[in-house]
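Here are my notes on the model you sent. They are set out as numbered points, to be read with the structure open.

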Amino acid sequence: MKVLIIGGTGKIGHRLAQDLSTTHQVIVAGLNSGQHQCDYSSELSLHGLFMKINNIEHVVCTVGGDMIHKKFDQLTNNDWRYVIERKLFAQMLVTKISEMYIKNGGSITLTSGYHSHFATPETIAIGSANAALETFVMQFSKFLSSDIRINAVSPTPVSSMKSDQLPELCPITQVARSYIDSIEGDDTGKIFRPWDGLYSQNISFATLDESTYGGCKVGGSLFKVCSYFINSFSYFSGI
Ligand SMILES: NC(=O)c1ccc[n+]([C@@H]2O[C@H](COP(=O)([O-])OP(=O)(O)OC[C@H]3O[C@@H](n4cnc5c(N)ncnc54)[C@H](OP(=O)(O)O)[C@@H]3O)[C@@H](O)[C@H]2O)c1
């Protein structure tokens, strides 16, 4: 199958491209890198991309590196617009344009992120946008053209760093597997949550049951553990 990965030169996208390319034809697009260039926040740019590639069956968006980590009182109105225009609006545009070009039987897979459920003081904007995107995916799956599916993957940090203090939260192969399941499976309106690493580690939020994931525990023990855990490791700041 022919799969277009927008953001396919990034950390997650690159791994997905590698894993997919053994069985599928993969086309990789980035803002400045990849086989094709496009800006996913521009309708014109997306049209240009799709017009260059024929017969796309599946579209994946793994664009990243464009989120803002700030506390609520530091977030400007423009910061909020920036985050929402990318995580939500740009991926809505990817959906809108993809629907015009991809073949029946195809799929669209977008990317949210675990901050929809795990809040820190610096991820209020990101978490809100992630949650809105997931709602968009779940609702719009009911109204897409027949035979086109839409899902989202919600990654956790894909660190492979290992130390006594820092467990691997999620192997990148598991995150890539979620995108592949979205492409190859029958699901639509599904949010894939490759969160096993969160569950299996000996940290408080790993022990939460599914019902607890329904809401952020800001102010509670989860928040304290998340804050401690996240603030302890600066590599999270680029996510
Ligand atoms: N990595 C994690 O641990 C993690 C955890 C939770 C959620 N996520 C989510 O997963 C997604 C991917 O994360 P990542 O870490 O793989 O990101 P990343 O490594 O920063 O990926 C950046 C990719 O996006 C492309 N890109 C950036 N701006 C673009 C634009 N305006 N239009 C088109 N392409 C653009 C880049 O192209 P160029 O290289 O050409 O600039 C590159 O291919 C993000 O939505 C992120 O929020 C990631």
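1. In which sense do strand β5 (residues 107-111) and β6 pair, and over how many bridges? In this predicted model, β5 and β6 pair in the parallel sense, over 5 bridges. Within that pairing, threonine 111 stands opposite valine 153 in β6.

2. On its other pairing, strand β6 (residues 149-153) is joined to β7 by 2 bridges, and these two strands also run parallel.

3. The burial of β6 is worth checking on screen. Of its 5 residues, 5 are buried. In a regular strand, side chains alternate between the two faces of the sheet. In β6 both faces are covered: Arg149, Asn151 and Val153 are buried on one side, and Ile150 and Ala152 are buried on the other.

4. These pairings belong to an open sheet of 7 strands, in the order β3-β2-β1-β4-β5-β6-β7, with parallel pairing. The edge strands are β3 (36-37) and β7 (191-192), each of which pairs on one side only.

5. For the chain as a whole, the secondary structure comes to 7 helices and 7 strands. Along the sequence the pattern reads β-α-β-β-α-β-α-β-α-β-α-β-α-α. The chain has 239 residues, of which 43% count as buried. Among contacts with a separation of 6 or more, 63% are between residues 24 or more positions apart.

6. Elsewhere in the sheet, β1 and β2 run parallel and are joined by 5 bridges. Isoleucine 6 stands opposite alanine 29 in β2. These two residues are 23 residues apart in sequence, while their C-alpha atoms are 4.8 Å apart in space. Strand β2 (residues 25-30) is where alanine 29 is placed, and 5 of the 6 residues of β2 are buried.

7. Is alanine 29 buried or exposed? Alanine 29 counts as buried because 27 C-beta neighbours lie inside 10 Å, and the cut-off for burial is 20 or more. Beyond its neighbours within four places in sequence, alanine 29 is in contact with Leu4, Ile5, Ile6, Gly8, Gly34, Gln35, His36, Gln37, Cys38 and Leu49.

8. Helix α1 lies across β1, β2 and β4, running at about 170° to β1. The buried residues in α1 are Ile12, Gly13, His14, Leu16, Ala17 and Leu20. The buried residues of α1 pack against β1 (2-6), β2, β4 (58-61) and α5 (172-184).

9. Helix α1 also matters for reading the ligand site. Which element gives the most to the shell around the ligand? Helix α1 (residues 11-20) does, with 3 residues. The ligand is surrounded by 29 residues, and the closest are Gly10, Gly30, Gly64, Gly65 and Gly113. By class, the shell divides into 12 nonpolar, 14 polar and 3 charged residues.

10. Next, a helix pair. Two packed helices are described by the angle between their axes and the distance between the axes. For helix α2 (residues 43-52) and helix α3 (residues 77-101), the angle is about 35° and the axes are 10 Å apart. The crossing of α2 past α3 is right-handed.

11. Which residues of α2 and α3 meet? From α2 the residues are Glu43, Leu46, His47 and Phe50, and from α3 they are Leu93, Val94, Ile97 and Tyr101. The residues of this contact divide into 6 nonpolar, 1 polar and 1 charged.

12. Asparagine 55 counts as exposed because it has 11 C-beta neighbours inside 10 Å, where the cut-off for exposed is 12 or fewer.

Key:
Residues are numbered from 1 along each chain as its sequence is written. This is a predicted model: local features need pLDDT of at least 70, side-chain atom pairs count only at pLDDT 80 or more; totals for chains, interfaces and linings use all residues. A residue is near a molecule or strand if its C-beta atom, placed from the backbone, lies within 6 Å of it. Helices (H or I, at least four residues) and strands (E, at least two) are DSSP runs, numbered from the N terminus. Ala, Val, Leu, Ile, Met, Phe, Trp, Tyr, Cys and Pro count as nonpolar, Asp, Glu, Lys and Arg as charged, and the others, Gly among them, as polar. Axes are lines fitted to C-alpha atoms, for helices over the stretch in contact, and angles run from 0 to 180 degrees between N-to-C directions. A crossing is left-handed if the near helix is turned anticlockwise from the far one by less than a right angle, and right-handed if clockwise. Two residues are in contact if their C-beta atoms, placed from the backbone, lie within 7 Å. Two strands pair if DSSP finds at least two bridges between them.
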